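Please read it with the coordinates open.

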2 protein chains.
Amino acid sequence: MAKQKNIGVGVIGFGTIGTGVVRVLRDHAADIEARIGARLKLRRVADLDTKTDRGVRLPAGTLIDDAAALIDDPSVDVVVELIGGIEPARRFMQTAIRAGKSVVTANKALLSRHGLELAAMAEKEGVTLGFEASVGGGIPILRVIREALVGDRHLDVYGIVNGTANYILSQMAEGAGEFSEVLAKAQAMGLAEADPTFDIDGTDSLHKLVVLVAMAFGKKIDPARVHMEGISNISGADIEYAHEFGYTIKLLASARITDAGVEARVHPSMVPDTHLLSKVSGPFNAICLRSRALGTSIYYGQGAGMMPTATAVVADIADAARAMLSGSAAQPAYGRPATSIKSARVLPMKELSHEHYVRLSVADKPGVLAKIAEILGRQGIGIATVAQHERAKRGAVPVVIRTHKAKEGGLEKALARIRKLDSCRAAPNVIRVEEALGEAD
Amino acid sequence: MAKQKNIGVGVIGFGTIGTGVVRVLRDHAADIEARIGARLKLRRVADLDTKTDRGVRLPAGTLIDDAAALIDDPSVDVVVELIGGIEPARRFMQTAIRAGKSVVTANKALLSRHGLELAAMAEKEGVTLGFEASVGGGIPILRVIREALVGDRHLDVYGIVNGTANYILSQMAEGAGEFSEVLAKAQAMGLAEADPTFDIDGTDSLHKLVVLVAMAFGKKIDPARVHMEGISNISGADIEYAHEFGYTIKLLASARITDAGVEARVHPSMVPDTHLLSKVSGPFNAICLRSRALGTSIYYGQGAGMMPTATAVVADIADAARAMLSGSAAQPAYGRPATSIKSARVLPMKELSHEHYVRLSVADKPGVLAKIAEILGRQGIGIATVAQHERAKRGAVPVVIRTHKAKEGGLEKALARIRKLDSCRAAPNVIRVEEALGEAD
């Protein structure tokens, strides 16, 4: 056994997650020491705000307002970046890596843009870069792909990776109100941020998908090329129709590798009620992998929150510590050399084929459905089922169509024509039906 | 980057899993090499049967009938034990470890009895012992506990860890017949072994639970002290009642750490239909962890089968290879020194409290229910619900009672008295109701 050693930790950003990291390091110090053979010592915490009481006590002199001084401190071996955003987070990480320090981060926005560049730098300097906390909070999905499934090839990765959006959809499904009401309640309860844009519009899910694609497929994709839709157009009516057909609406981030490139998309989906993803509710996350040898595997847990996320950060610190203690080379952050991860084409959404749920609001008069069916038919889109069992409201009736598998491009053209019909009273609402998920199990 | 190196692999036991390992090493050689910086080379396969065609081709001279010669072979760095059973598997592993070779195994029967002894030996010799494939097949649950959740403390571990039993219960729930019919069909389809005793009676689940307890809690428990029941007494009627009450019957292995010792048990349970475990069907496995910081996390996938299990074996080989390549000390198999894992008391089942489903067959005459309620009441057992809505058959009616939380010992005494009643027509069937699982989420 290695004799007692200390690994110095510096945390930049003393917000929710930073506070959680301080607590985990304090509460579980002995457990961690027993497991890795060294004590993780919190040396410095840097935050511009050194006044607010975070409910945890730090030894005098630990909390400073100067991140550069923290990075410079020779007693700090591992720098934890928890301030979020692109700059100055990126610059802090670069400085730390160049100073030969290992870096741990939860910053998915930064990683989705500069993750591979930072990983290449860390590999060049022989330090560890860890970012388990960036995807799925406390769910160790990145580590599982990188280490546990090293002998397999991954074909699909998809799941629920934003807890705020999932909480809102879950509450709507339980009848708590329409989107804007539920969002307001979630904000009042602190379950959604004051500016929830990235959670609601899919951006946060997309950032995480980019990280997952690099880890699972060894491919770099341009987030700007990925089709993204948020949940703000989902109505209580959609949720009810979904329920009636045996589905639950979830915001999914999905990617598949093909010979032609990477299929990647973020949008609300109808998940069959037989699939485990349909049962993931509230702030929980779940990520599914489909792999050549293993088949489908699913990883479920709290995707956000102080303590779950802090756990993932501390596991990465422990990894960096293990590499330092063993004197061995740090493992590459993406499980293979970052320079070997090349750009891949993102397949245009319009070339992909899906089954669709389309909700229309049309005039309650004869011939309308025939006209719509004709327009869809001209794009080669077959109708699987039609539901129209509500009474007319102000002369308009909701018509819900479920299509057979059809090209997105064709549907788009058909919907543009349908919108121009005199009998069409509102913009059609489209949700993809993920029927194939059920088959994957 | 390390320059091209080879790590020699020897596989003892050329059965289903052995064949899968040979296939994964062959099919994913380049991927694995890209990730770990070395080629895993299959040097020797040892099996007493060198004639049967396993559908994979080995280079001439690779397949031998002498395990000792394989272990002795200087080109073999990692020995994979896949013959199962206690001896000679244990002796082969000891010999390999003493010869300074890393060892990988899927042998849960051996691990449940001698895992800590083998781990201590491996730590002393500085070699890697890997056994991810022993629990949950391809689900990387042991690695997750050991590495990903290193900064957390685990409170509960429970789940579905036997795919054969789960397949049978799932088929019964789908109306495929009673236990013995479904078992016979599963055997005919190769989904249950010719001698399925260990899968059906809970032994296999118990072996895995012992490994999980050591990994999650750092405690050694005596399997002989763990309450174990199999699934052969579950009837279609039980499954229907469960469904009616909103539950699904699953064979669960569960453990909880308390100040007084470890609660550990293997038996059929009624799982609320709102819990993800209720949706785990067919041969799939799922393991739930409840941890102090992370809360509940769940790991789902194929718990058996050639390729999933082989994936876990190969991940362990890759781990051993990484340790050899980095020249660093092997990580301890249980995530902490094996000698630090001490025996813990298994709390006697009769001291534990659960909610119970009790199915009785009683004479269809007045006063019987009052008598039963009185006997239960004397043991302090409250009745939550009673169901009795079938017609009498040959003078006996089924009565289904759901109790409030009550001591197992008290229920046992009450049932012994109830069995002696003239009006009791068959042995009562008891299934624990895992109501608290729903709350864990």
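1. **Conventions.** This is a predicted model: local features need pLDDT of at least 70, side-chain atom pairs count only at pLDDT 80 or more, and totals for chains, interfaces and linings use all residues. Residues are numbered from 1 along each chain as its sequence is written, while chains are lettered from A and ligands numbered from 1 in the order in which they are written. Helices (H or I, at least four residues) and strands (E, at least two) are DSSP runs, numbered from the N terminus.

2. **Interface totals.** 47 residues of chain A are in contact with 47 residues of chain B. Contact means that the C-beta atoms, placed from the backbone, lie within 7 Å. On the chain A side, helix H2 (29–36), H6, strand S13 (295–302) and helix H12 (306–326) each supply at least two residues. That side divides into 25 nonpolar, 14 polar and 8 charged residues. Here Ala, Val, Leu, Ile, Met, Phe, Trp, Tyr, Cys and Pro count as nonpolar, Asp, Glu, Lys and Arg as charged, and the others, Gly among them, as polar.

3. **The H6 crossing.** Helix H6 (residues 141–148) of chain A packs on helix H6 (residues 141–148) of chain B at about 115°, with the axes 11 Å apart. Axes are lines fitted to C-alpha atoms, for helices over the stretch in contact, and angles run from 0 to 180 degrees between N-to-C directions. H6(A) and H6(B) are therefore roughly perpendicular (65 to 115 degrees; under 35 is roughly parallel, over 145 roughly antiparallel, the rest oblique). The crossing of H6(A) with H6(B) is right-handed, meaning that the near helix is turned clockwise from the far one by less than a right angle.

4. **Who meets whom in H6.** Arg143(A), Val144(A), Glu147(A) and Ala148(A) meet Arg143(B), Val144(B), Glu147(B) and Ala148(B).

5. **Burial of H6(A).** How many residues of H6(A) are buried? The count is 8 of the 8, so H6(A) is largely enclosed by the rest of the structure. Buried means 20 or more other C-beta atoms within 10 Å of the residue's own; 12 or fewer is exposed, in between is partly exposed, and C-beta atoms are placed from the backbone. The buried set includes the charged residues Arg143(A), Arg146(A) and Glu147(A). In chain A, the packing partners are strand S7 (154–160), helix H10 (203–217), strand S12 (284–291) and S13; from chain B come H6 and helix H12 (306–326).

6. S13(A) and strand S13 (residues 295–302) of chain B pair in the antiparallel sense over 3 bridges. Pairing requires at least two bridges found by DSSP. Ile298(A) stands opposite Tyr300(B).

7. **The parallel sheet, chain A.** Six strands form an open sheet in the order S3-S2-S1-S4-S5-S6, with parallel pairing. Strand S3 (63–64) and strand S6 (129–130) are at the edges with a single partner strand each, so one side of each lacks a neighbour in the sheet. S4(A) pairs with strand S5 (residues 102–105) over 4 bridges, and Glu81(A) stands opposite Thr105(A).

8. **The parallel sheet, chain B.** The order is S3-S2-S1-S4-S5-S6 in chain B, again an open parallel sheet of 6 strands. Strand S2 (residues 39–46) of chain B pairs with S3(B) over 2 bridges. Val45(B) stands opposite Leu63(B). Helix H1 (residues 16–27) of chain B lies across strand S1 (6–12), S2 and S4, at about 150° to S2(B).

9. **Strand S17(A).** In strand S17 (residues 396–403) of chain A, 7 of 8 residues are buried. S17(A) pairs antiparallel with strand S15 (residues 353–363) over 7 bridges and with strand S16 (residues 383–387) over 4 bridges. Tyr357(A) stands opposite Arg402(A), and Ile383(A) opposite Thr403(A).

10. **Cis peptides.** Glu87(A) and Pro88(A) are joined by a cis bond, omega about 5°. Pro88(A) is in the loop between strand S4 (78–81) and helix H4 (89–98). The bond from Glu87(B) to Pro88(B) is also cis, omega near 5°.

11. **Asp204(B).** This residue is in helix H10 (residues 203–217) of chain B. Asp204(B) counts as buried because 25 C-beta neighbours lie inside 10 Å. Beyond four places in sequence, Asp204(B) touches Lys108(B), Asn162(B), Phe198(B) and Asp199(B).

Terms used:
Two residues are in contact if their C-beta atoms, placed from the backbone, lie within 7 Å.
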